[in-house]
Amino acid sequence: MNRTRNNPLADDLVRPLLHTSVWFYGAVLVLASIVACGAAAWGYQLWYGMGVAGVNWPVFWGFYETNFVFWIGISHAGTLISAILRLVNARWRRPVTRCAEVITAFALMIGAIFPIIHLGKPWLFFWVAPYPSARELWPNFRSPLVWDFFAINTYLIGSLLFLILPMIPDFALIRDRTTGLRQRIYGTLALGWQGTTTQWHRLEAAMQIMAVAIIPVAVSVHTIVSFDFSMAHVPMWHSTIFGPYFVAGAIFSGIAALIIAMAALRRMLNLHAYLHPLHFDNLAKLLLLMSLLWGYFVFSERLTVWYGNQPSEMAVFWATQRGAFAPFYWTMVFCNFIVPVSVLSFRRLRTLPGIVLVSCGVLVGMWFERFLIIVPGLSTKQLPYSWGTYTPQPPEIVIMVATFAAMALLYTLFSKFVPIISIWEMKVGNQPHPPLPADEAEEQQSLWRARP
Amino acid sequence: MNAVYALYDNPAAVQRAVDGLRAAGVTDADIQVMSSEPFEEYEFGHKDSASWIHWIAGVGGIVGLASAYFLTTVTQQSWPLRTSGMPIVAPWPNLIVMFELTMLGAILATVLTLFVSAKLPRRLPPLYDTDVSNGYILVGVQRPSGQPLVDVTAALEAVGEGRVKQIDR
Amino acid sequence: MAHRWGMVVDLDKCTGCEACVTACHAENNIPTAGAVEAGRGRAMHWLRVERYWEGDFPDVKVKFKPVMCQHCDNAPCEAVCPTYASHQTDEGLNAQVYNRCIGTRYCANACSYNVRFFNFFNPQWEKPLHLQLNPDVSVREVGVMEKCTFCVQRIKSGKTAAKADGRELQDGDIQPACVQSCPAGAIIFGDLNDPESRAARLTHSPRGTKLLEDEGTEPKVTYLQRQSWNEPDTQ
């Protein structure tokens, strides 16, 4: 069988699909039971009413919206980064793109559940969809929540297609290498792919156009998510900087999630030969860049508020800076700026464990960032008489934990049934290519040697 | 229907085979090359390239834009409800919906074009070999039954390597 | 000409007795949350009397401010609703359609005055309190927003009664529950499009201010108060 080049590659990447370890069943069982707990918590909330959650007058939005923004932010890891890397034809992207795009697809699905969970009447969520009611009334296109519907669905459809289209040739490969039921299932999924020159051409042309189209969509999605806040007259919500600020934060947290996912895959699926230190190093540099950008946005936002010195905004400003929310605020600054900048700036510290640790911190920090944008503004609105506070309640916490488990579960299942690294793209990457410039080659070499 | 194909393990041989078939009078449309990866740097890899897909994506975008324009303006006028002192047809918010549907139109048109022009989904045709997935590159010619394939076989064998196979059905 | 309903609250007359709050609860079937839930921010008062203190003890001045939905012309709550549950009617009321509300609570966040309330639970009245529910007002179910309607049911029935009698609607025919119950007569309701109505005349009073005027929401509720309140006492 192995007379032809690149077969070891295909063998390596198809192996996780054919051999299942006990750990897989254990992980699926544990994760699925956590997800079931989350579903039960939601059922509890549906049965007794929204009152079992911590949201109240005047803090009408809390954990659910925080998680919504957080997960939509995580989704910016994948398709956006993969599309940019595709367009600039970065060679090192090949093993990274699919693991990244999967994050987008699942994070978007999870994120999009939160606006439904948070509704007072979740069973009527489809009233936001553009279709006329029995009285010929359509949804209100002036509402940011309707924009959300369009933006998230466009991004979800685009990202799913962006993920699935390059999977077709890989399904064909698995079809040819398996027998029985597996062959039938993957044969159906392969849609009769032969790999003719026409098919390759159409696929590559389509991916090129999709990459161009998906980048502005990704930017628009998180901008529109930020509009949910900046359209309202809430102190420190009503800000023009929110669009780019949210997009930068989304890409920041997305890269962190991607790094963690890749490190986990590398270890669990034994992909050391494919995801090597070069990839982590490149992503870490991107993470450092986004950390600096994030710091710049936070500084601009804070400075303009402080300088403007409006009483209602200053109440929120001081509540986060040195009031009740200060511990979260300073944790956020520590995790999102101080640690990434001081660790990732030095090549000596940019080791794999270091990068993963920083990424975990960034996820924590970015979660706090979303929380600190939403809750303090609501709890200290213009009329001091209506000031309030917010304490999350068990259903909100359980559902939040369950979504993290859901992400891990979906990711585990996906990597079990689909090669997590695009086989055909890796093969193209192994084709002879022009030699690297001397300095770049040296760097690549040193990273290869540093491989543990 | 009958077909002849050969499996080669390197793209340079494929290029020679394709050139040989052309010399034997086989048209480009009849020559089928199948591989488990695209070969952009060889001439045979370009024989079916098309630049018109971009235009279809553009048309899809325009269709999306137009439908979003009508969706927003018509529905806002069909039952005019005043909110926040905004005009009944509110241009700024509508632009957001128009942008999203433009992009969605372009994406869907692209994918539709891919499926139609790459003839997907379909049943796996008889002219195929599972060795393609093992890294071999298939060069084949398919003709209605009755027509001779002797010249094709000769051209494929003239390359000097690879395995030539025949399908009679 | 269409009506344009508005309200004037004379803060110099308000004694903070909260009769209006009680009347509002009784008229509009507003459920009471109970001590525990009220402590968790689930109390609902379409009309509340805000209390502000000025100065240090014992030289303290207390200000009362009844705050209800301001029925803004440029209401920030309206545009953000995805289902048009919140919109402006032809008579300038900021309407809330309970059946169309899906409970995003976005309107409540967008409202600068925090006068919108959410039904966190299904409303319940301990027996025999359920017998005193007002049949003219629907009871709101769990998961929808609600707020002051300017007693739209009284506006409707006032207009119907005038039509049945074959006469024009007179200023003072329509009295929301808070207006009717205010012992000091501090709340005045009327048609702002009728230049002769008391509400319209008082709206233009030099004592008049709007709540959070710089938000640009154009409220239809005017607060009257002595403009020298913050000046040093000359006596």
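Start at the interface of chain B and chain A, where 19 residue pairs, both at pLDDT 80 or more, are in polar contact (a pair of N or O atoms within 3.5 Å; within protein, one must be able to donate a hydrogen and the other to accept it, and residues adjacent in sequence count only if both atoms are side-chain atoms). The model is predicted: local features need pLDDT of at least 70, side-chain atom pairs count only at pLDDT 80 or more, and totals for chains, interfaces and linings use all residues. Residues are numbered from 1 along each chain as its sequence is written, chains are lettered from A in the order in which they are written, and side-chain values use heavy atoms, with hydrogens and water left out.

Now select the side of chain B that touches chain A. Strand 2 (31-34), helix 2 (53-78) and helix 3 (91-117) of chain B each supply at least two of its residues (helices, H or I, of at least four residues and strands, E, of at least two are DSSP runs, numbered from the N terminus). Helix 3 of chain B gives the most, 16 residues. Colour this side by class: 37 residues are nonpolar, 19 polar and 9 charged (Ala, Val, Leu, Ile, Met, Phe, Trp, Tyr, Cys and Pro count as nonpolar, Asp, Glu, Lys and Arg as charged, and the others, Gly among them, as polar).

Show both sides together. The contact (heavy atoms within 4.5 Å) takes 65 residues from chain B and 58 from chain A. About 5400 Å² is buried between the two chains, 64% of it from carbon and sulfur atoms (accessible area, 1.4 Å probe, that two parts lose on being put together, summed over both). The number of salt bridges here is 0 (a side-chain nitrogen of Lys or Arg within 4 Å of a carboxyl oxygen of Asp or Glu).

Move to chain A and chain C. Here 46 residues of chain A are in contact with 45 of chain C, and the buried area is about 3800 Å², with 58% from carbon and sulfur atoms. There are 2 salt bridges; select Lys121(A) and Glu141(C) for one of them, with the closest N and O atoms 2.8 Å apart. On the chain A side, helix 6 (144-164) and helix 9 (197-230) each supply at least two residues.

Finally, select the cysteines. Over all chains there are 0 disulfides (cysteine sulfur atoms within 2.5 Å).
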